[in-house]
Structures are given as structure tokens and as C-alpha cells.
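Hello,

Here is the model I said I would pass on. Please load it first, then read my notes below.

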Protein chains: 2
Amino acid sequence: MNDPRSIKATQAALMVSADDTEATFYEALQQGDLDRVMSVWAEEDEIACVHPGGPRAVGVVAIRASLEAVLSQGSLHVTLEQVRRLETATCAVHHVLEKIQAMTPEGLQQAYVMATNVYLRTAQGWRMVLHHASPGQPHDMPDVVELGATLH
Amino acid sequence: MNDPRSIKATQAALMVSADDTEATFYEALQQGDLDRVMSVWAEEDEIACVHPGGPRAVGVVAIRASLEAVLSQGSLHVTLEQVRRLETATCAVHHVLEKIQAMTPEGLQQAYVMATNVYLRTAQGWRMVLHHASPGQPHDMPDVVELGATLH
């Protein structure tokens, strides 16, 4: 248990595709595992994270602090209801709809959040460079894909 | 004036760098020139645009409709107060703080909007694939770059 080799193998495995990196990010958020959440980020100065309604955190120190604050409020159950992908050989832009459920004193609360996640292929595999999340709604927020969809 | 050759030359020139493409995007918004706004986008199915508080528009038809709705409300004066860049040979992620001023019946209104713009290098030059803007505040929204910055 906690064999450093198996941890290293897991971390290497998660970087094989942007989908793997994304799955690890949300799993780790759900587990409240801050070190694992941080392991998916690229080693770049200008990585950035925007939480709904919050300022933009830039760089690993500020991002870690912002995510620690989120996790300190208790466990979050995040389900990805929709993922759209724009991918090239070196860059992946994912558009996700996050369904977030949290247990509060008032009971189970639920909200939808629209987020964009960007990943770059690095020497260490696919790493997150951006998580930008927009304030949620209590109801579903379907993407507008065709003009017709807004009229019917 | 309106020489098709000079228009074509301008459009080719604007794609030389992500910064050029970004400058053209905001200039065109300010000019209310929808065709020019649309000229900066990549020819990909999964390009996406999120306006503050709005749903996500995906694809050229939905994005054009959403931007047309924005421009129909009158001219917008957008100043970029801050641009951070994470760039590779083929992908550029820009974090911008937009200062938006609009003349309304109640006088000049002002708000700050946090936006992420992503550009890819394509055969047609650098093209926008994402514009994700978060709801604004009436006041400045500085980025949190270091943990210390939030404590002092």
C-alpha cells in the first residue's frame, strides 16, 4: 500500500490522454485529494483556474490555495453530463457541463456549472493548463449548437 | 475603398500571431462588424463561445447568432486591461481582463469581464477556437497570482 512505484505508475498512466487527465482531476476533487488534483497541472507559470464567480488564480501557488479553499467546504460530487472536445496532436480544449451535488444543512443542493478545460501535451504527458468555470444554474444548461435550437 | 484585395490582405495579416487575431476580434466587436468578428474563428465544428451568464454556443452558426445578439444591443467599447499568455508553437491560451463600457439611457455603464481566449495555429494562420467570458463586476478584478497577494 502506498508503494511509491505504484503511485508513480498511476500518475504516469493518467497523462496518456486529455480524457485520462480530466477523469483524474474530477476524481481527485471528489476524493478531496489536493495533491492528486494538483498533479494534473502543467509546470508552467501561466496556468490558470477560475471558479464560478471568483477571481482568476494564476500559477501553481494561487491555484493550490483556491482549490484548497473549495475542498475545505466539504466533499463535492461532480458528474460530467456533457463533454465536447476540440483536439489536435498537442492541444485539447474540452467543454464540459458539470453537475455538482453537495450535502448542506438544508439538504442536498444541486447546480450546473459550465467549464472549459484546456490540456497541452507535454514531456510529462497531457497536462491541464486551464480550468475556467462559469457560475451555475440550478437547472440544466444545454449548449446552443444550432440557431434553430433557440427558436423551437 | 473596400477593395477586395486589401480586405483579403488584411485578413491574411491578422492571422500571423495570436495577438493579431485577438486584436482583430476586439476591434471588430467595437466596430460592430459581425463578418470581421467571425473571420477570426477556426473552421472547426467544436469552436465555442460563452458570454457572461449565457449558455455555451457551439459551432459557427450558433456563435454567429450569439454575437449578432450582442452587437444588436449597440456599440461596445472594450479595453483589454490585462493579458496573460501561455503559448506553444501551435496553441495559445490568453487570459484577459476586459473593461467594457456601454452608453445606456442611464448614462455610461462600466463592467469588468474575465475572459479566456484560445487560439490554434492552423493552415489559415492563428484562429480563435474559444471565447469564454465570466460575468463581470463593476470594479476591477485583479488576478490572484500568489497566495500572499490575498493576505496583504
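Chain B superposes on chain A by a rotation of 180 degrees, with 0.0 Å of shift along the axis and an RMSD of 0.0 Å. That is how a two-fold axis relates its copies. In chain B, the C-alpha nearest the axis belongs to Ser134(B), at 2.9 Å. Both copies use the same surface: 100% of the contact residues of chain B recur in chain A. Keep in mind that this is a predicted model.

Now the interface. It pairs 37 residues of chain B with 38 residues of chain A. Several elements of chain B each supply at least two residues to the side that touches chain A. Among them are helix H4 (60-71) and strands E1 (48-50) and E2 (56-58). Strands E3 (77-87), E4 (91-104), E5 (107-122) and E6 (125-137) are on that list too. Which element gives the largest share of this side? It is E6(B), with 5 residues. By type, the residues on the chain B side divide into 23 nonpolar, 7 polar and 7 charged.

Next, the fold of a single chain. Chain A has 4 helices and 6 strands. From the N terminus, the order in chain A is α-α-α-β-β-α-β-β-β-β.

Two figures on packing. Chain A has 152 residues, and 36% of them count as buried. For contacts in chain A with a separation of 6 or more, 48% join residues 24 or more positions apart.

Over to you.

Best regards

How values were computed: Residues are numbered from 1 along each chain as its sequence is written. Chains are lettered from A and ligands numbered from 1 in the order in which they are written. This is a predicted model: local features need pLDDT of at least 70, side-chain atom pairs count only at pLDDT 80 or more; totals for chains, interfaces and linings use all residues. Copies are superposed by least squares on the C-alpha atoms of residues with pLDDT of at least 70 in both. Two residues are in contact if their C-beta atoms, placed from the backbone, lie within 7 Å. Ala, Val, Leu, Ile, Met, Phe, Trp, Tyr, Cys and Pro count as nonpolar, Asp, Glu, Lys and Arg as charged, and the others, Gly among them, as polar. A residue is buried if 20 or more other C-beta atoms lie within 10 Å of its own, exposed if 12 or fewer, and partly exposed in between; C-beta atoms are placed from the backbone.
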